[in-house]
Amino acid sequence: MSCNLLHRQPILRRPDGSGGALPALTLITLFFVVPVVALLLRSVTEPVPGLHNYATLFGDGTYARVFFNTFLVATVVTTVTVIVAFPVAWMLAIMPPALGSIVFGIIILSMWTNLLTRTYAWMVLLQRTGVINRTLMDIGLISQPLPLINNLTGVTIGMVYIMLPFMILPLVGTLRAIDPMTLRAAALCGASPFEAFRRILLPLSLPGIAAGGLMVFVMSLGYFVTPTLLGGTSNMMLAAMIAQMIQSLLNWGLGSAAAFILLVVTMALYALQLRLVGAKRMTGGI
Amino acid sequence: MTEPFLSIRDLRKAFGSFVAVHDVTIDIPRGQFLTFLGPSGSGKSTTLYAIAGFQHPTSGDVLFKGRSLLSVPSHKRNIGMVFQRYTLFQHLTVAENVAFPLRVRRRPDAEVKRKVAEMLSLVRLESFGDRHPGALSGGQQQRVALARALAYDPPILLMDEPLSALDKKLREEIQAEIRRIHRETGVTILYVTHDQDEALHLSDRIALFRDGRIEQIGTGEDLYVRPQSEFVASFIGNSNFLPAEHLETVNGAATIRLADGSVVSGVRHDREFSQGQKTRLMVRPEAFRLRPGPATAGLAVEFVDTAFFGERRRVIARTAAGQEIDVRPTSDMAEAQEGIASSRQQIFFDPAAAFLFPA
């Protein structure tokens, strides 16, 4: 028996898998690391060497507005997503597993449905003569169609809808790890349901909220399809601006600089979160 | 003040067609340590949860000083509770955990600070205030849970198998702490356990649950010495049950005939038995003697095995009818060894320490 164990020990060590990882690592190096470096180089060399592209982006009011808009949309979308996702995640966490997996399946299914299809569907629903406006007018709640599309409202609705699974999934994991008995203990200690939520459940679920929130925020910062289709021209976001710079204006230098700023902001946010929440809790090792 | 302090009236809880608690009625005087003892699924926890407000009874009532608690939500019942699992708030320090019930009651800072210090010293964890629960052992966590449950001076403390996750030595240590804290605070305690030693050690009174009903309620001594049923006799302490035939009862003392034909007089019981009725005679293992005494009855046995238990030696003996019985004589260890050597022996018991039940 002990002899057997000794023989097993080398197998117990995790295989390092360096051979199998090679193709993927090569792909990432060739198609991510190299382009990012090329991007950085273009942003400081085109049309002439120097930091003028960055100076233009930070100095010009129009570009500043796009940056502001991007962060505004990402912040609003993240906040609304957290608020909407929390009750769903809690319900999933305390549901009987059989029923929970059905609801889970529906949420995952929505993630797998084509993004463009879902965004066009929202256009149909939200436009002036769309289903929502017509229904509200028919039942007499409003007399004029509500401006639900080509503005921040439209972008927020469409993006929250798409982001929900990315918030719900990490949150369910965190909430499942909380013993419901803890909340009963809080109740007997005299905490009303609201106090128990504010003082116990919310702080305990913070790692999940942070993990999901970061994911949603970062994805929102660079989102292209939904803001382009549901947002107006007055609140253009960064991704749409980069596309315009490169496709229409053929200004590769300025576009590269904008893309590089987006990348740096994303990395900075990730670093900040690792600091605040702790790398261990982020990766699920609660 | 004829009202009992806490009163459970005809409490019934059904889950569908399964009735977990059948019309349980108990009055608990102020300051009493009452234990709900019973096997798992006997309704003791369900009764406790009804008092805590986690489960709404199907019928019946829970009265505190004459007023019904049923319409009061858990967070307004002002009851303390220690749970089976560790339910400390992991994101708060030990001191913040103990302060929690006071903070939600919006007590002034100075009072919270004083009370937290007082509670931590009550459970002897003064120097642990700044630690997080995760850095504490299971026993320490349950002591913090006890401090948290007592911080707001609740009139009633509920404890739901709080020591079941701890090892034996730690359990005994915390039992002593719980006794001391009960003495010092005078709080009324309702304690749930399936461990009879724990119940006997801690309680003023024990309610023994079986299948959702209270089988017997009384002091530990009542249940041990005067069990009202064979279930009580076998659940509290160890017992041997010898088949016997009832011959007659005069002045409450029965005369019976054992399987080997020997006749024993002076056995107690609290029922009506007819002549020739089949009965079972309960004899505690420690009621057996290896030597005859005044008025003892003898039983021919064969010694099978002996085991050393520290303060006692346990002997397994076999009767002439082939039934194995558990014998724990208080002394005479050397003699027990001799008995094993000679293999055939007589053991003795005082009929007044035995008890007769229907078969």
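User: What are the helix and strand percentages over residues 21-42 of chain A?

Analyst: Helices (H or I, at least four residues) and strands (E, at least two) are DSSP runs, numbered from the N terminus. In this predicted model, residues 21-42 of chain A are 100% helix and 0% strand. The end C-alpha atoms of that span are 30 Å apart. Residues are numbered from 1 along each chain as written, and chains are lettered from A and ligands numbered from 1 in the order written. Local features need pLDDT of at least 70 and side-chain atom pairs pLDDT 80 or more, while totals for chains, interfaces and linings use all residues.

User: Which residues of chain A does the "transmembrane region" annotation cover?

Analyst: UniProt positions are given in the numbering used here, with shortened feature names, and annotations may be inferred rather than shown by experiment. The unreviewed UniProt entry lists residues 21-42, 62-86, 98-116, 155-179, 200-225 and 245-272 of chain A. Take residues 200-225: the chain there is 88% helix and 0% strand, with end C-alpha atoms 38 Å apart. UniProt also places "domain: ABC transmembrane type-1" (unreviewed entry) at residues 67-273 of chain A. That span is 80% helix and 0% strand, and its end C-alpha atoms lie 21 Å apart.

User: Where is the cis peptide bond?

Analyst: Most peptide bonds are trans, and most residues other than glycine have a negative phi. Here the bond from A:Glu46 to A:Pro47 is cis, with omega near -10°. A:Pro47 lies in the loop between helix H2 (18-45) and helix H3 (52-59) of chain A.

User: Which element holds B:Asp10, and is B:Asp10 buried or exposed?

Analyst: A residue is buried if 20 or more other C-beta atoms lie within 10 Å of its own, exposed if 12 or fewer, and partly exposed in between; C-beta atoms are placed from the backbone. B:Asp10 is in strand E1 (residues 6-15) of chain B. B:Asp10 counts as exposed because it has 12 C-beta neighbours inside 10 Å. Its phi is positive, about 45°, although it is not a glycine. B:Arg106 also has a positive phi, about 55°, and is not a glycine. B:Arg106 sits in the loop between helix H2 (94-104) and helix H3 (109-122) of chain B. With 7 C-beta neighbours inside 10 Å, B:Arg106 counts as exposed.

User: How many bridges join E17 and E18 of chain B?

Analyst: Two strands pair if DSSP finds at least two bridges between them. Strand E17 (residues 313-319) and E18 of chain B run antiparallel, joined by 4 bridges. In one of these, B:Ile316 has B:Asp326 as its partner. The hairpin has 4 residues between the strands, and B:Gly322 takes a positive phi near 90° there. Side chains alternate along E18 (residues 324-327).

User: How many residues does each chain give to the contact?

Analyst: Two residues are in contact if their C-beta atoms, placed from the backbone, lie within 7 Å. Chain B gives 18 residues and chain A gives 15. H2 of chain B supplies the largest share of chain B's side, 3 residues. That side divides into 10 nonpolar, 5 polar and 3 charged residues. Nonpolar means Ala, Val, Leu, Ile, Met, Phe, Trp, Tyr, Cys and Pro; charged means Asp, Glu, Lys and Arg; the others, Gly among them, are polar.

User: What ipTM does the predictor give the complex?

Analyst: The ipTM is 0.81, and the pTM is 0.81.
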